[in-house]
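Hello,

Here is the model we discussed handing over. Please look through the notes below once you have it open.

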Amino acid sequence: MKPSWLDVAKNELLRLVRDRRALFLAVVLPALLYPLLFVGMEKLEQVGEKTLEARELTGLVDLSGLEPDLADELRERFGNLEKLELTEADLSQLNGLPDVVRSRRARAEDIEVRNARAEAFSLQMDALAPDADLALVARAGPDGRPILWMVFDGGNVGSMEAQNRVEDTLDELAEEQRRDALIAGLGRDPAEDYRVETIDAAAPEDAAGAALGRFLPLIAVLVMVSGGAFAALDAFAAERENGTLETLLVQPVPARTLAVGKFAAVLLVAVIAWAGNAASLLGTAAAGLLPEAAGAAGGFDAQLLGRVGLGLLLFMPSAVLIAVALCLVSSRARSFREGQNYLLPVTLAGIALVAPAMSPDVELDVVLACVPLLGPSLALRDALSGNLSLLPALIAVVASLVVAALMLTRLASTLDAERLLAEAPSKASTRTPLAAVRRSQLTGGAAVLLVYLVGMRLQAWDLVPGLLISMWGIVLGLAVWLGLLHAKREGTSFVAELGLSTVNPLACLGALLLAPGLVQGMRVLLEFQGRFIPMPTAGMGDELAGLMELSVPTLLLLIAVSPGICEELLMRGSVLSGLLRGPSRVQAIAMQAGLFAIMHASVHRLAITFVLGALLGVLRLGAGTIVPCMLLHMAYNGLQLLSTTGVVAARWGELILHPGWWAAFVVGLALIWSSSVKGALLPKKS
């Protein structure tokens with residue numbers, strides 16, 4: 001009697017149970033961390049607030065520009081902000097103060113002049129009182145009314161706390177003065193007639209469900225990927241590495257039976273991990289330890305638990321989809337370690353698909369219900385809040401199950417004994433390629449961290465030099481370092497590792513023809529994304545305003561030329577060169593595109609930069625060089641810039657966005673395809 005898929009699943013589960021340590025870390029430990037995590041966060045926040053409240057803050061204060069009564073009132077209200085009054089000698093050193101930093105009344109100033117004066121004044125302040133947390137100075141404005149200037153250090157916790165205390169004091173005093181003036185002139189404050197008392201009419205279970213529904217889908221995906229990955233890697237990648245998978249496939253057991261059995265084991269482990277985490281999370285929220293649901297802790301009754309059950313049932317197709325995806329990825333890996341490297345793209349894709357469910361503005365409709373993961377995530381959120389629409393929810397379930405079934409069919413086809421035996425490599429032959437892949441992953445991750453931690457700080461210090469140092473120092477430096485390391489370890493050419501060994505003229509021309517159509521296509525994608533993650537309509541800082549005041553050539557250097565050269569040499573150059581030594585071109589392109597998207601540090605541009613990174617990766621493969629990638633990247637950024645920048649946009653914007661460029665886009669694709677390196681765009685053969 002041939003074994004059934006249940007026998008295969010049982011065997012896989014028994015093997016998993018033997019590895020108790022890994023099972024505990026992947027399935028049990030995350031469920032135990034929720035109470036500790038949220039209780040710890042609350043305690044740390046309380047300790048931090050008490051520490052700041054008890055801290056004695058100091059500041060340089062000169063209020064001589066105010067009326068004496070007002071100056072005395074402010075000095076009295078500043079409370080435990082210790083004052084360091086300025087003498088006439090001190091004031092003579094601060095003659096560069098006007099137009100320095102942040103005014104209570106906004107004025108149009110040249111950003112470079114303001115930054116330079118702010119830096120000069122900060123140095124003077126440090127010389128006068130090195131331990132001062134801020135400086136507050138009053139000066140007469142052009143219209144005779146006083147202006148309060150406040151200088152603080154945004155990178156210092158004490159200085160930020162001093163700034164908050166001073167601003168709260170000023171706002172409180174301004175409100176009192178406004179009310180007193182109205183009462184003195186009118187006899188009463190008219191605003192009292194329009195006092196609004198808000199009452200949340202939502203039932204406790206609705207409030208609790210809405211709070212949970214905003215992040216429960218995201219946690220579900222992360223937990224199921226984490227727990228299911230352990231089982232999938234053990235069932236496929238580890239067996240293939242040990243040679244037992246090939247032995248199993250030559251037995252008289254159909255490949256479909258093996259695939260379904262292994263998939264069932266992975267699905268069960270993922271669901272158990274998610275069930276434990278969900279129970280822990282619900283218990284944490286019911287105890288009032290979850291910040292978003294703390295006020296609605298009383299709503300955790302039988303009705304809400306019923307909603308949770310319905311939501312989890314609607315989300316089950318996502319669990320099936322995640323389990324199949326993990327099995328497919330693991331079945332392609334030649335070793336356990338290599339399979340671990342492929343988990344990042346899967347996790348990023350899962351986060352991108354469920355992230356819109358965190359926004360209450362995204363509504364579940366028939367179209368969104370057809371998107372895998374997203375449809376069930378929205379259905380789970382709406383079920384918890386009591387706003388579920390039945391038809392879109394059913395469509396979401398069916399659509400995700402159909403996609404999962406198709407992927408499961410594909411999984412069975414990957415378990416082909418003849419192919420796997422032909423592809424089976426020796427450990428000696430895979431060590432070097434996997435080392436190159438690992439180096440590329442680590443370098444790409446280092447680039448993301450350095451741009452976050454160092455580049456952002458440099459740009460906050462001074463935007464233009466900060467951008468140039470980030471590109472030509474950090475990004476280009478990592479590209480050169482990784483290229484040299486690849487060349488030394490792999491015995492190849494440094495120029496070839498960067499993708500500069502050849503030039504493909506037809507592909508270069510095709511890349512330039514792609515740019516205008518790509519600009520228009522990305523705008524369509526941005527509008528579609530706006531349904532899920534609306535672009536912010538406010539909050540453009542002084543840095544961006546100052547950047548847009550620069551000359552067009554300078555802007556093109558910063559926004560188009562520098563990223564087009566430096567980012568391409570890193571991502572489509574040395575990083576992609578190492579990733580392509582792995583077994584799959586698709587995974588290599590997806591991984592570098594994900595790193596490229598994360599490096600731009602914007603959730604609103606995540607999808608756009610990922611798509612752009614993937615297209616540039618495919619172009620690198622097809623052309624056999626990154627020169628066309630550089631040209632396309634520079635042209636794309638430059639056209640985006642010119643189509644939105646002042647006089648240039650008014651004169652050339654319509655031409656840049658003319659629909660006729662789609663014809664050029666098609667021609668560009670044809671040129672790139674016809675000039676592609678033979679076999680570069682085809683699946684890699686063993």
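A crossing is left-handed if the near helix is turned anticlockwise from the far one by less than a right angle, and right-handed if clockwise. Helices here are DSSP runs of H or I with at least four residues, numbered from the N terminus. This is a predicted model: local features need pLDDT of at least 70, side-chain atom pairs count only at pLDDT 80 or more, and totals for chains, interfaces and linings use all residues. Residues are numbered from 1 along each chain as its sequence is written, and side-chain values use heavy atoms, with hydrogens and water left out.

H8 and H13

H8 (residues 216–242) passes H13 (residues 343–354) in a right-handed crossing. Their axes come within 10 Å and cross at roughly 155 degrees (axes are lines fitted to C-alpha atoms over the stretch in contact; angles run from 0 to 180 degrees between N-to-C directions). H8 is therefore roughly antiparallel to H13 (over 145 degrees; under 35 counts as roughly parallel, 65 to 115 as roughly perpendicular, the rest as oblique). On the H8 side, the contact (heavy atoms within 4.5 Å) includes Pro217, Val221 and Leu233. H13 brings Leu343, Thr347, Gly350, Ile351 and Val354. The contact residues of H8 and H13 split into 10 nonpolar, 2 polar and no charged (Ala, Val, Leu, Ile, Met, Phe, Trp, Tyr, Cys and Pro are nonpolar; Asp, Glu, Lys and Arg are charged; the others, Gly among them, are polar).

Gly491 follows H19, with a positive phi near 70 degrees.

H19 packs against H23 (residues 552–579) at about 20 degrees, axes 9 Å apart. The two are therefore roughly parallel. Their crossing is left-handed. The tally for H19 with H23 is 17 nonpolar, 5 polar and 1 charged.

H21 and H28

The axes of H21 (residues 505–529) and H28 (residues 661–674) come within 7 Å and cross at roughly 145 degrees. This crossing is left-handed. Among the residues that meet are Gly510 and Pro516 in H21 and Trp661 and Trp662 in H28. The H21 contact with H28 divides into 16 nonpolar, 5 polar and no charged.

Best wishes
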